[in-house]
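Reader: I am new to this structure. Please take me through it, and tell me what each label rests on.

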Amino acid sequence: MTTRISNSGIDLISTTKANQVRNFVTYNDLNLNKIDNLIGTGVVSSFTPTLSSPQDEPPSLGDNSIIKGQWIRMINLVFYWGRLEFGDANVEAGSGSNWFTITLPIPADPGLRADQTIGEGATVGNCAMRDISDVNNLQTGTVQLHSTTTVMFATNHSNNQRAVRHNVPFTWNEGDLLAWMTVYPGVI
Amino acid sequence: MGTTTTPNLSLIKPDLSEPIPNWATQNESNCDTIDAFFSYTETDYSPTWTGTGGNPSLGSGGSISGRWASLWPKLIRVEIQIDCGGAGFDAGSGVYELTTPSTMNAVMDASESAVRGFIIGTAICIDINSNSNSCTMAVRARSSTTIGGILELGATGGSTWGNSSPFSWAQDDRISLYFVYLEA
């Protein structure tokens with residue numbers, strides 16, 4: 001007889017007196033391995049995000065571009081850092097009125113408010129952008145949950161809060177940069 | 001063989017040949033190890049504030065205070081407050097940096113080039129003489145042991161945090177910031 005404790009999200013196995021010592025050892029071993037994996041890793045994982053622009057002509061990072069992420073999970077709280085750098089040729093900023101989105105390494109808890117309208121979704125981090133062709137063109141902003149698997153970016157551009165897209169806060173081109181940090185409850 | 005250990009936390013796992021009386025001791029040790037990861041202890045430290053062209057120095061009554069805590073293995077949260085102080089404050093020159101309490105993991109992509117390092121936190125800069133100058137700032141990984149800032153200044157464009165950005169730092173100005181990074 002065993003029962004499972006699932007509220008913790010770890011799915012630990014509890015034992016009863018009916019169990020033999022052999023079973024106890026086995027389950028104890030499994031439980032400790034799960035705890036070790038969940039807590040002890042301090043595992044820093046790499047993740048390659050995808051840049052997109054739903055429903056519009058998507059952007060293309062071009063040749064020799066960089067897009068990368070790192071994340072760590074504290075039980076169900078996900079810390080995720082990422083950045084991208086457009087390449088040096090064949091860059092496409094995309095088109096249309098829809099915003100840039102970036103994928104998450106772990107889906108966000110569905111209880112969080114996700115929305116495709118700026119200001120309507122949960123704010124889960126902050127970001128910075130740089131137009132490499134203009135030394136003065138640095139921008140900062142916030143990160144908003146766009147869906148359970150994607151985030152979008154909001155920036156104060158010319159004193160107007162705007163969603164980052166192909167021409168906001170500047171027209172994205174070779175070498176331009178975007179970096180972000182998010183913290184959100186994820187699905188285990 | 002009576003026990004093996006888990007690869008990350010070295011939790012003790014008895015096998016069938018381990019005497020049962022030892023289990024209580026091993027279980028207690030495991031519990032203490034696990035418990036420690038759920039504790040939260042703030043530790044004071046003294047960040048060093050530098051400028052690439054000359055270091056700022058605090059004026060009368062000024063202070064720099066830092067506190068950090070390990071949220072999880074390798075995950076460090078830091079908060080820093082600076083009060084520039086009064087008479088004698090010198091803003092120094094160039095791009096500002098503050099030291100971290102420990103070395104960042106290389107995966108944070110620290111870079112002196114703005115936005116080529118990860119964004120790791122946020123800050124508010126207070127011009128004590130002009131509310132309209134006060135603004136928020138993104139905190140960035142600038143080197144493995146220092147952080148810097150990135151400012152957005154509306155239509156006029158942004159800059160990195162420095163002696164004249166987002167305003168000319170002067171007596172009694174303040175900054176408060178936090179950041180989270182992966183430790184080496």
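Author: Start with a contact between the chains, and keep in mind that the model is predicted. The side chains of B:Lys13 and A:Asp29 meet in a salt bridge.

Reader: Why is the pair B:Lys13 and A:Asp29 called a salt bridge?

Author: The term asks for a side-chain nitrogen of Lys or Arg within 4 Å of a carboxyl oxygen of Asp or Glu. Here the N to O distance is 3.4 Å. The pair is one Lys and one Asp, so it meets the cut-off of 4 Å.

Reader: How many salt bridges are there between chain B and chain A?

Author: The count is four. Residue pairs in polar contact between the two chains number 14, counting pairs with both residues at pLDDT 80 or more. On chain B, the elements giving two or more residues to the side that touches chain A include strand S2 (12-14), helix H1 (20-36) and strand S5 (63-72). By class, that side has 29 nonpolar, 14 polar and six charged residues.

Reader: How many residues of each chain are in contact?

Author: 49 residues of chain B are in contact with 46 residues of chain A. Contact here means heavy atoms within 4.5 Å.

Reader: What area is buried between chain B and chain A?

Author: About 4,000 Å². Carbon and sulfur atoms give 68% of that area. B:Trp72, B:Val115 and B:Glu152 supply 17% of what chain B buries against chain A, more than any other three residues.

Reader: Which residues lie nearest the centre of the second largest pocket?

Author: A:Thr140, A:Gly141, A:Thr142, B:Thr136 and B:Glu152. They are among the 14 residues that line this pocket. Strands S9 (138-145) and S10 (150-157) of chain A, with strand S9 (135-143) of chain B, each give two or more. S9(B) gives the largest share, four residues. The space in the pocket is about 210 Å³.

Reader: What makes up the lining of the second largest pocket, by class?

Author: Nine residues are polar, four are nonpolar and one is charged.

Reader: How do you know that the peptide bond from A:Val168 to A:Pro169 is cis?

Author: Its omega is near 0 degrees. A:Pro169 lies in the loop between strand S11 (160-163) and strand S12 (177-185) of chain A. Chain B has a cis peptide bond joining B:Ser165 and B:Pro166, with omega about 5 degrees. B:Pro166 is in the loop between S11 and S12 of chain B.

Notes
Residues are numbered from 1 along each chain as its sequence is written. Chains are lettered from A and ligands numbered from 1 in the order in which they are written. This is a predicted model: local features need pLDDT of at least 70, side-chain atom pairs count only at pLDDT 80 or more; totals for chains, interfaces and linings use all residues. Side-chain values use heavy atoms; hydrogens and water are left out. On a 1 Å grid over the protein atoms alone, a cavity is a set of points where a 1.4 Å probe fits but cannot get out, and a pocket is an open set with protein on both sides within 12 Å along at least five of seven lines; lining residues have an atom within 4 Å of a point. Grid points are joined across faces, edges and corners, and a volume is the space filled by probe spheres set on the points. Ala, Val, Leu, Ile, Met, Phe, Trp, Tyr, Cys and Pro count as nonpolar, Asp, Glu, Lys and Arg as charged, and the others, Gly among them, as polar. Buried area is the accessible area (1.4 Å probe) that two parts lose on being put together, summed over both. A polar contact is a pair of N or O atoms within 3.5 Å; within protein, one must be able to donate a hydrogen and the other to accept it, and residues adjacent in sequence count only if both atoms are side-chain atoms.
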